[in-house]
Amino acid sequence: MTTGSDDLHVLLGAYVLGGLSDDDHRAFSEHLRSCRQCQTELGQVSGMPRLLDLAGPEGGPHLTDTPVAVPAPLMTDHDDEHLVTLLGEVARRRRRRRAWMSVVAAAAAVVLFAAGAWLGPQLLTPTTPTLPTTHVAAAAVAGSQVRIDIALVTRGWGTQLDVNCEDMPTNGELALWVIDRSGRATSAASWRATPAGYSRVTGATALRPNEIQALEVRTGTGKVLAEART
Amino acid sequence: MPLDDEAVAEIYREHGPMLRRVVWRATSDANRVEDIVQEVILRVWKQAPEADNLRAYLITTARHLIVDQHRAAGRRPQQAQLVDVAEADSALDRALDQVLVEEALGRLQTNHREIVRYLYFERLTVAETSTRVGVPEGTVKSRAYYAVRNLRVILDEMGVTR
């Protein structure tokens with residue numbers, strides 16, 4: 001069967017893949033000599049046979065009728081488990097980079113945000129063990145511009161608190177306070193403000209992450225700059 | 001911040017299975033597959049979480065990672081067997097290209113894929129393919145045209161530019 005000249009350009013596909021009748025092959029070859037568009041398109045796909053040959057004589061698993069045996073380690077049953085490992089690693093690496101999240105100081109948004117930041121990882125993997133590290137973005141209180149990210153790392157002795165602060169006051173003392181479920185506040189770290197307004201410190205508390213009700217960053221005079229509620 | 005967790009989880013869920021197949025076929029080492037896949041995702045998440053072409057980025061990263069590990073293994077003095085690094089690299093490249101082309105074929109829509117199968121791999125004619133698939137010859141021709149074009153697009157997306 002031959003094809004009308006208007007339809008000649010579609011022959012490019014079978015010209016590349018093979019299978020055209022002698023008449024069609026001749027017609028397309030002739031058409032190709034004068035058609036710029038087909039010449040350009042052919043240039044883009046002429047390497048296709050070489051690529052297809054890479055997939056082996058039968059074109060690989062997607063082209064054969066028999067299902068391909070998947071080796072046991074590639075089964076996806078353990079995806080959730082792997083994901084927990086992966087996210088644990090994410091948390092660990094995250095502390096090594098400065099990734100900031102802007103926090104809006106509006107009160108309602110603050111509470112929702114802190115709750116979301118806290119619940120996020122748990123909602124993400126509801127059936128899997130608790131991640132070793134949880135991150136919270138401490139929300140700036142009204143009138144404060146600070147940006148603070150706190151990583152809670154579960155340790156045998158309690159909780160390690162890795163604090164990244166930006167846009168902080170540039171003088172005076174700063175402190176991290178931990179408030180337990182009964183409302184008792186203890187200081188977990190104190191440091192001196194830097195001219196750059198940026199600091200990274202690590203604090204410690206004997207409390208376990210689930211025993212912490214809130215974290216506060218305060219000035220030396222006790223003014224709360226930011227808080228994260230659990 | 002859970003936004004990161006979500007981003008990583010999404011990359012893992014969407015691209016994990018493909019990466020696992022690619023790495024498995026390229027390394028044939030089931031014990032290392034998951035480690036490599038996770039490392040690839042972590043690197044890409046760290047370097048370019050918003051990359052336009054995440055798939056190509058992931059595959060390129062996997063390629064580099066596997067090649068680097070191959071080289072490191074080849075250099076290890078306690079390995080008595082001397083590995084020809086250049087030879088191992090090109091074998092690895094071939095293996096990766098093979099997997100990528102197979103993956104690309106898998107991503108082609110079914111009625112295009114079967115045309116590629118009959119015309120190219122089974123060497124049937126357009127007329128024979130028409131009978132086999134049960135559509136007119138004109139349809140086989142136009143499907144062949146779009147199959148080739150789409151395959152090119154998919155391969156470009158995967159970073160196979162040759």
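Predicted model: local features only at pLDDT ≥ 70, side-chain atom pairs only at ≥ 80, totals over all residues.
Me: What percentage of the residues of chain B count as buried?
Reply: Chain B has 162 residues. A residue is buried if 20 or more other C-beta atoms lie within 10 Å of its own. The share of chain B that counts as buried is 41%.

Me: Are α6(B) and α7(B) roughly parallel or roughly perpendicular to each other?
Reply: Their axes come within 8 Å and cross at roughly 105°. Angles of 65 to 115 degrees count as roughly perpendicular. The two helices, α6(B) and α7(B), are therefore roughly perpendicular.

Me: Which residues in α7(B) meet α6(B)?
Reply: The contact of α6(B) with α7(B) divides into four nonpolar, two polar and two charged residues. From α6(B) come B:V126, B:A127, B:T129, B:S130 and B:V133. On the α7(B) side they meet B:E137, B:V140 and B:K141.

Me: How many nonpolar residues are on the side of chain B that touches chain A?
Reply: In this interface, 48 residues of chain B are in contact with 49 residues of chain A. α1, α2, α4, α5, α6 and α7 of chain B each supply at least two residues of that side. The residues of this side of chain B include six polar and 15 charged. The nonpolar ones number 27.

How values were computed:
Residues numbered from 1 in each chain as written. Chains lettered and ligands numbered in written order. Contact = placed C-beta atoms within 7 Å. Helix = DSSP H or I, 4+ residues; strand = E, 2+ residues; numbered from the N terminus. Nonpolar A, V, L, I, M, F, W, Y, C, P; charged D, E, K, R; others polar. Buried ≥ 20, exposed ≤ 12 C-beta atoms within 10 Å, placed from the backbone. Axes fitted to C-alpha atoms, helices over the stretch in contact; angles between N-to-C directions. Parallel < 35°, antiparallel > 145°, perpendicular 65-115°, else oblique.
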